[in-house]
Amino acid sequence: MPVYTFTVSDLSHPVRVDSYLSSQLKEYSRSQIQQQIKNHQMAINQKTITKARTLVVNHDEIRIVIDLLPEPSWEAQKKNLDIVFEDEAMLVINKSAGDVVHPGSGNPDETILNGLIHHDPELAKLPRAGIIHRLDKDTTGLMIIAKQPESFQVLTDQLAKRAIHRHYEAIVHGRLESNGSVDQPIGRHPTKRIQMTVRPDGKTAKTYYDVLACFDRHSHIKCRLVTGRTHQIRVHMRHIKHPLVGDPVYHGGYHSSQPNQTKWQALVQQLNRQALHARHLALEHPITKEPIAFESPLPKDMSNILDYLRST
C-alpha cells in the first residue's frame with residue numbers, strides 16, 4: 001500500500017489536514033482521506049493523529065498510508081503520446097495543445113492519463129498514473145511521469161522541495177524591456193470560480209521572467225516557477241498588465257493592434273490558445289541520482305507568431 005510524506009509549505013494560514021491532503025492527493029476523495037485518518041493511518045511530526053480537523057502549518061511533516069484504491073479507476077485508452085524519454089523509472093512526454101491531463105468534470109476520458117495507462121498498464125497502480133505535475137489543457141510542453149512507486153515518491157518530493165526546475169516560454173502583450181519577478185499570492189477568484197486571481201489570502205506564488213526579445217507591442221519571455229500554482233504564469237502576467245497573447249481567460253480585455261492587422265488576427269486565431277510552452281525541465285534522476293535535462297522546441301503556432309513579430 002502506498003505511503004505518502006509531505007512537508008507543508010506555502011500556507012498563508014493554518015488549514016485542516018484533510019483539506020491539505022485533498023489538495024495534494026487528488027486521486028483520492030476527501031472522505032477516503034478522512035477515513036484513513038480516523039483509522040490511525042496518519043502522523044503529523046511523527047505523532048499519530050485521528051482527527052481530520054487538526055490544523056497544519058508550514059514545516060509540519062505529514063505521513064499517511066493509503067490502503068484504498070483511488071476513486072474512480074480509470075480506463076486505458078489508446079492515445080498518441082509524444083515520448084521524449086523513457087526508462088524503467090520514469091518517462092517525459094511533450095504535451096500537445098488541447099490535451100487534457102487527467103479525467104475530470106467535462107472530460108471523463110480520452111485524457112493523457114488514460115493514454116498513459118494504455119501505454120503501460122502498470123501505471124494504473126500509481127496515483128494519477130504516475131503524473132508528477134500538470135499542464136493546462138491548452139499549454140504545450142514537457143511533463144514528467146513516474147513509473148514505479150519509489151520513483152513516484154522521489155519525484156513528488158523533488159517537486160515539493162522545488163528541486164525540479166521548470167522553464168516556460170510565453171508571448172505577452174506590451175513591451176517588457178528588463179527582467180523581473182512577480183511575488184504575489186494566488187487564490188480562487190471570489191466570483192468566477194473557474195478562475196484564479198492575485199489575492200492577499202491566497203497561496204504564496206513567485207514567478208521570475210527574463211526577456212528574450214522585445215518587439216514594438218509584444219514581448220517574448222522565459223518564465224521560471226518558484227511555486228506551481230494553478231494558472232500561475234497567466235495570472236501573474238495579467239497582474240502586471242502583460243497578459244499572454246491568445247489567453248481566452250486572463251486577457252484582461254487587452255487586444256493589441258499590428259501594422260498588418262489581418263495577418264496578426266489570422267495568426268492569433270491559428271494559435272487559438274494562450275501562447276505558453278513548457279520548454280525546459282531539469283531534475284535529478286529518481287534512481288541513478290544523475291542530473292538530467294530535457295528541451296522541447298516551441299510549437300509551430302508560437303514560432304509563427306514570433307516570426308511575424310521579428311519581420312515587422
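Colleague: What does arginine 279 count as, going by its relative accessibility?
Modeller: Arginine 279 counts as partly exposed, because its relative accessibility is 24%. The cut-off for buried is under 20%. Bear in mind that this is a predicted model.

Colleague: Which residue does arginine 279 form a salt bridge with?
Modeller: The partner is glutamate 169, and the closest N and O atoms of the pair are 2.9 Å apart.

Colleague: How many salt bridges turn up in the whole structure?
Modeller: The search finds 16.

Colleague: What about arginine 229, which side chain does it meet?
Modeller: It meets aspartate 10 in a salt bridge, at 3.0 Å from N to O. Arginine 229 is in the loop between strand E15 (218-225) and helix H5 (232-239), while aspartate 10 is in the loop between strand E1 (3-7) and strand E2 (15-16), so the bridge ties together parts 219 residues apart in sequence.

Colleague: Is aspartate 10 buried or exposed?
Modeller: Aspartate 10 counts as buried, because its relative accessibility is 15%.

Colleague: Switching to H6. Which residues of that helix are buried?
Modeller: Helix H6 covers residues 261-271, and Trp264, Leu267 and Leu271 are buried there. They span an arc of only 65° around the axis, so they are on the same side of H6.

Colleague: Why would residues three or four places apart point the same way?
Modeller: Because an α-helix has 3.6 residues a turn.

Colleague: Which residues are exposed on the other side of H6?
Modeller: Thr262 and Gln269.

Colleague: What is the phi of asparagine 272?
Modeller: Asparagine 272 has a positive phi of about 55°, although it is not a glycine. For context, most residues other than glycine have a negative phi. Asparagine 272 lies in the loop between H6 and E16, and it is exposed, with a relative accessible area of 63%.

Colleague: And lysine 289, what phi does it have?
Modeller: Lysine 289 has a positive phi of about 70°, and it is not a glycine either. It lies in the loop between E16 and strand E17 (291-295). Its relative accessibility is 41%, so lysine 289 counts as partly exposed.

Colleague: Back inside. Where is proline 243 found?
Modeller: Proline 243 is found in the loop between H5 and H6. It is buried, with a relative accessible area of 3%.

Colleague: Where does isoleucine 131 lie?
Modeller: Isoleucine 131 lies in the loop between helix H3 (112-119) and strand E9 (140-146). At 1% relative accessibility, isoleucine 131 counts as buried. Its C-alpha atom is separated by 9.6 Å from that of leucine 91, which is 40 residues apart from it along the chain.

Colleague: Last one, glutamine 158. Which helix holds it?
Modeller: Glutamine 158 is in helix H4, residues 149-160, and counts as buried at 9% relative accessibility. The C-alpha atoms of glutamine 158 and aspartate 82 are separated by 24 Å, and the two residues are 76 residues apart along the chain.

Key: Residues numbered from 1 in each chain as written. Predicted model: local features only at pLDDT ≥ 70, side-chain atom pairs only at ≥ 80, totals over all residues. Heavy atoms only, no water. Buried < 20%, exposed > 50% of the residue type's maximum accessible area, 1.4 Å probe, protein only. Helix = DSSP H or I, 4+ residues; strand = E, 2+ residues; numbered from the N terminus. Arc of directions from axis to C-beta. Salt bridge = Lys/Arg side-chain N within 4 Å of Asp/Glu carboxyl O.
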